[in-house]
Amino acid sequence: MDPVAAKYIGAGLAAIGTGAAGIGVGTLFGHFLNGALRNPSAVDGQFGRLIFGFAVTEALGIFALLISFLLLFAI
Amino acid sequence: MATESAPAINPIEQFSIHPVIPIHIGHYDFSLTNSGLYMLLAVALSCLVAAIGARGAAGVPGRMQAMAEMSYEFVAGMVRSATGEAGMRFFPFVFSLFFFILLCNLVGLIPFSFTVTSQIVITAALALMVFLAVVIIGVAEHGTDFFKLFVPSGVPIYILPLVVAIEVISFLSRPLSHSVRLFANMLAGHITLNVFGGFVVMLLGASAIFKGLAILPFAMTIGLYALELLVAFLQAYVFVMLTCMYLNDALHPGGH
């Protein structure tokens, strides 16, 4: 295979990971809302944990995006 | 065939390190690079904010004093909730770490500046410092009891070897995920901003029909910039939060 083509295909494959992280972030916020609507008084106390979970989950998508960018621009 | 010659945009050029003040001693290169310069800038800024905030502390705080007090309370609350009163000894370390990373991230968002935390060598050094501190504090405080960290209580004996192996691997991989999380977020965020900025330049350089479309990536750049401001704060927070959780492991091994 042409190495340049392989590079672009690899970058596209790596970007699939961002979609997986999207599932994770959606699950996170969905479940948060689920709980928040059942017990609205507990929302404020858990907001920090929500943001923490968001950052940790989103980081995995960023890893995938990073590999994609490295393939596109650095190699 | 595209006839326009769009200027070549290299999104990773912004991360190149070059010397600002070349200093050579013997065979060694001690040059002050742009990376070092922006680190000094972040340290100077954090000292300045703290110094102005603490100057002439009044009963009714002014704006700077309120900011300094709120940031103190914010980090102190985080350390206290994650490690308990025993961890407050490490509050100055955690506070400095938080403000160093936060200001490096924020200074990096100023156009044409340099993001120190987008260099893996910087984040890896910070993460390894935390990792070694955790091991040294844990062994100094608890001796061999520290290794109870790898042996969770209440696990059936026949799966214990597997659990211990997993715990050891997860402990050893901490500095890796700790450093790469901050580094990758900063790097990917800045590359994304640069790529979308590049789209604006490309569309403006294209034929008249496409010039109007340049507003779309421009709006996207503004949105991404707002997201990056959030990420700059969040990643500093997450880095320090994980540091607190690791310090908690050193202070209370076997507590989980």
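So, the contact between the two chains: twelve residues of chain A are in contact with 14 residues of chain B. And keep in mind, this is a predicted model. What classes of residue does chain A bring to the side that touches chain B? Twelve nonpolar, no polar, no charged.

Let me zoom in on one of the residues in chain A. Leaving out anything up to four places away in sequence, Leu66(A) touches Ala184(B), Leu187(B) and Ala188(B). Now, Leu66(A) also turns up in the largest nonpolar core, which has 52 residues. Leu66(A) is listed there with those that have the most contacts inside the core, alongside Phe98(B), Ala184(B), Ala188(B), Ala236(B) and Val240(B).

Which elements give two or more residues to that core? From chain A it's α2 (43-74). From chain B you've got α1 (34-54), α2 (63-83), α3 (91-108), α4 (120-142), α6 (174-205) and α8 (215-251). And α8(B) gives the most, with 14 residues.

Okay, chain B as a whole.

How does the radius of gyration of chain B sit against a compact globule of 256 residues? The globule would be near 18 Å, but chain B has 23 Å. As for burial, 28% of the 256 residues in chain B count as buried.

Last one, contact range in chain B: take contacts between residues at least 6 apart in sequence, and 65% of them join residues at least 24 apart.

Key. Residues are numbered from 1 along each chain as its sequence is written. Chains are lettered from A and ligands numbered from 1 in the order in which they are written. This is a predicted model: local features need pLDDT of at least 70, side-chain atom pairs count only at pLDDT 80 or more; totals for chains, interfaces and linings use all residues. Two residues are in contact if their C-beta atoms, placed from the backbone, lie within 7 Å. Ala, Val, Leu, Ile, Met, Phe, Trp, Tyr, Cys and Pro count as nonpolar, Asp, Glu, Lys and Arg as charged, and the others, Gly among them, as polar. The radius of gyration is taken over C-alpha atoms; the globule rule is 2.2 Å times the number of residues to the power 0.38. A residue is buried if 20 or more other C-beta atoms lie within 10 Å of its own, exposed if 12 or fewer, and partly exposed in between; C-beta atoms are placed from the backbone. A nonpolar core is a set of buried Ala, Val, Leu, Ile, Met, Phe, Trp, Tyr and Cys residues joined through C-beta atoms within 7 Å. Helices (H or I, at least four residues) and strands (E, at least two) are DSSP runs, numbered from the N terminus.
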